[in-house]
Amino acid sequence: EARERLGWLRAQAPKSAMSKVIEYIQALKLEIPGIHGPLIDLISFSEEYAKAVESAGGTRLIYIVVDDVDTAIKVVERLKKANVGRASFIPLKEIRPSSHLPKGLISLASLVEYDHLYE
């Protein structure tokens with residue numbers, strides 16, 4: 001239910017353009033190893049946190065999660081060649097999570113469930 005509620009995020013970008021890009025990248029998963037997909041497809045959360053996830057995640061929820069920068073570069077090259085559109089990426093190997101949250105602040109990660117791979 002929460003995912004359906006957040007469907008509007010995909011619609012915020014020019015609808016046909018973003019849908020095309022995401023569909024194209026999903027198809028590339030068969031050819032380019034290391035593509036995980038849009039962040040919103042990799043998390044789940046309770047309906048009671050939907051507004052908080054929407055606010056904290058914003059359009060970053062449609063960023064494409066990949067293993068590393070090299071994978072992102074391969075996808076960008078294919079997007080350019082096909083003239084499909086643009087995408088933003090989250091390369092897992094380059095992420096350095098902050099462990100210093102101010103007292104009382106809740107991180108987005110504490111509101112969602114996700115595979116341990118994305119820890």
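Reader: What should I know about the model before reading the values?

Author: This is a predicted model, in which local features need pLDDT of at least 70 and side-chain atom pairs count only at pLDDT 80 or more, while totals for chains, interfaces and linings use all residues. Residues are numbered from 1 along each chain as its sequence is written, and side-chain values use heavy atoms, with hydrogens and water left out.

Reader: How do you know where confidence in the protein chain is highest and where it is lowest?

Author: The pLDDT is the predictor's confidence in each residue, from 0 to 100, and on that scale the mean is lowest in helix H2 (residues 7–12), at 54, and highest in H5, at 97. The protein chain averages 82, with 74% of the residues scoring at least 70. Where pLDDT is low, the predicted coordinates should not be read in detail.

Reader: What makes residues 69–82 a helix, and what is the span of H5?

Author: Helices are DSSP runs of H or I with at least four residues, and strands are runs of E with at least two, numbered from the N terminus. H5 has 14 residues and reaches 20 Å from its first C-alpha to its last, close to the 20 Å expected, where the expected span is 1.5 Å times one less than the number of residues.

Reader: Which residues of H5 are called buried, and why are they said to be on the same side?

Author: Buried means under 20% relative accessible area, exposed over 50%, and partly exposed in between, with a 1.4 Å probe and protein chains only; by this rule Thr71, Ala72, Val75 and Leu79 of H5 are buried. They cover an arc of only 100° around the axis, so they lie on the same side of H5, the arc being that of the directions from the helix axis to the C-beta atoms. On the other side of H5, Asp70, Lys80 and Lys81 are exposed.

Reader: Why does Asn83 count as exposed?

Author: Asn83 has 70% relative accessibility and therefore counts as exposed. Asn83 lies in the loop between H5 and strand S4 (89–91), and has a positive phi of about 55° although it is not a glycine.

Reader: What makes S1 and strand S3 (residues 64–66) a pair?

Author: Two strands pair if DSSP finds at least two bridges between them, and S1 and S3 pair in the antiparallel sense over 3 bridges. In S3, Val65 is the bridge partner of Gly37.
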